[in-house]
Amino acid sequence: NAGVTQTPKFQVLKTGQSMTLQCAQDMNHEYMSWYRQDPGMGLRLIHYSVGAGITDQGEVPNGYNVSRSTTEDFPLRLLSAAPSQTSVYFCASSYSRDTGELFFGEGSRLTVL
Amino acid sequence: AQSVTQLDSHVSVSEGTPVLLRCNYSSSYSPSLFWYVQHPNKGLQLLLKYTSAATLVKGINGFEAEFKKSETSFHLTKPSAHMSDAAEYFCVVSLPLENEKLTFGTGTRLTIIP
């Protein structure tokens, strides 16, 4: 079982560049989400989706965009990268919105110079 | 409003000795509580969860946690540490029925001394 797959694992960007972090899950989960992890701050929710065609903002959505055209995929777009977006990004999915049981990908480490 | 505090950023124990990772929470409602583990360069994995059933919750790899409402605590314990337990542990609180309201603690790094 692949579970939640994130690509790329590592990326270096220059300020102002754009890019997309890919996330795919093969568990037929309805709920998907993106977090960023920064030292000493735990995980913070960027965007989430409760099903195909439905997305909403989390705690720190500025500078990021998402879409959910299929159940399986939930890409995260950085519109114009800034050094403050240097972080480790995690995609997570869950069977439904209300379980609290998230399945995480292995993370994408992004550095913005 | 809800919050979670992990009282220790770093805990070191010797292999074979007990593990105690402390977590306190605050919540306006009856919360759901979770512990997740993150091994180096990996994603988080659910260890155990409390959702208002038994107050002593057993998880994977011999870990357990006890929900104490009077102390607003949800400490994670294991009787005997193993080298493979070295990881970062996150306590998480949630309002029921809302994954997007999961609030993560800042993490406790567990080091196991051989």
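Predicted model: local features only at pLDDT ≥ 70, side-chain atom pairs only at ≥ 80, totals over all residues.
1. Disulfides in general. The count over all chains is two disulfides. A disulfide is a covalent bond between the sulfur atoms of two cysteines. The next two points take the pairs in turn.

2. The disulfide of chain A. Cys23(A) is joined to Cys91(A), with an S to S distance of 1.9 Å. Cys23(A) sits in strand β3 (residues 19-25) of chain A and Cys91(A) in strand β9 (residues 87-94) of chain A, so the link ties together parts that are 68 residues apart in sequence. The torsion about the S-S bond is about -70°, and the disulfide of Cys23(A) and Cys91(A) is therefore left-handed. Cys23(A) and Cys91(A) are both buried.

3. The disulfide of chain B. The sulfur atoms of Cys23(B) and Cys91(B) are 2.0 Å apart and form a disulfide. In chain B, Cys23(B) belongs to strand β4 (residues 23-27) and Cys91(B) to strand β10 (residues 87-94), so this pair ties together parts that are 68 residues apart in sequence. The link of Cys23(B) and Cys91(B) is left-handed, with -65° about the S-S bond. Are these two cysteines buried or exposed? Cys23(B) counts as buried because its relative accessibility is 0%. Cys91(B) also has 0% relative accessibility and counts as buried.

4. Salt bridges in general. How many salt bridges does the structure hold over all chains? There are nine salt bridges over all chains.

5. Lys9(A) and Glu106(A). These two residues form a salt bridge in which the closest N and O atoms are 3.6 Å apart. The pair links distant parts of the chain, 97 residues apart. Lys9(A) is in the loop between β1 (4-7) and β2 (10-13) of chain A, while Glu106(A) is in the loop between β10 (103-104) and β11 (108-112) of chain A. Lys9(A) has a relative accessible area of 44% and is partly exposed. Glu106(A), at 38% relative accessibility, counts as partly exposed. The pair also belongs to a network of salt bridges that links Lys9(A), Glu106(A) and Lys42(B).

6. Lys49(B) and Glu101(A). A salt bridge is formed by the side chains of Lys49(B) and Glu101(A), at 2.3 Å from N to O. With a relative accessible area of 30%, Lys49(B) is partly exposed. Glu101(A) counts as partly exposed at 26% relative accessibility.

7. Glu88(B) and Arg109(B). In this salt bridge the closest N and O atoms are 2.9 Å apart. Glu88(B) lies in strand β10 of chain B and Arg109(B) in strand β12 (residues 108-113) of chain B, so parts that are 21 residues apart in sequence are tied together. Glu88(B) has 14% relative accessibility and counts as buried, the cut-off for buried being under 20%. Arg109(B) counts as partly exposed, at 42% relative accessibility.

8. The largest pocket. The volume of the largest pocket is about 630 Å³. Which residues lie closest to its centre? Of the 28 residues that line the largest pocket, these are Gln37(A), Val88(A), Phe90(A), Arg109(A) and Gln38(B).

9. The lining of that pocket. At least two residues of the lining of the largest pocket come from each of β9 and β11 of chain A and β10 of chain B. β11(A) gives the largest share of the lining, four residues. By class, the lining of the largest pocket has 14 polar, seven nonpolar and seven charged residues.

10. Gly51(A). This glycine lies in strand β5 (residues 43-51) of chain A. Gly51(A) counts as buried because its relative accessibility is 4%. Which residues does Gly51(A) touch, not counting residues up to four places away in sequence? With that exclusion, Gly51(A) touches Glu30(A) and Arg68(A). Pro61(A) is ten residues from Gly51(A) along the chain, and the C-alpha atoms of the two are separated by 18 Å.

Note on methods. Residues numbered from 1 in each chain as written. Chains lettered and ligands numbered in written order. Heavy atoms only, no water. Disulfide = S-S within 2.5 Å. Buried < 20%, exposed > 50% of the residue type's maximum accessible area, 1.4 Å probe, protein only. Salt bridge = Lys/Arg side-chain N within 4 Å of Asp/Glu carboxyl O. 1 Å grid on protein atoms, 1.4 Å probe; cavity = no way out; pocket = protein on both sides within 12 Å on 5 of 7 lines; lining within 4 Å. Points joined across faces, edges and corners; volume = space filled by probe spheres on them. Nonpolar A, V, L, I, M, F, W, Y, C, P; charged D, E, K, R; others polar. Contact = heavy atoms within 4.5 Å.
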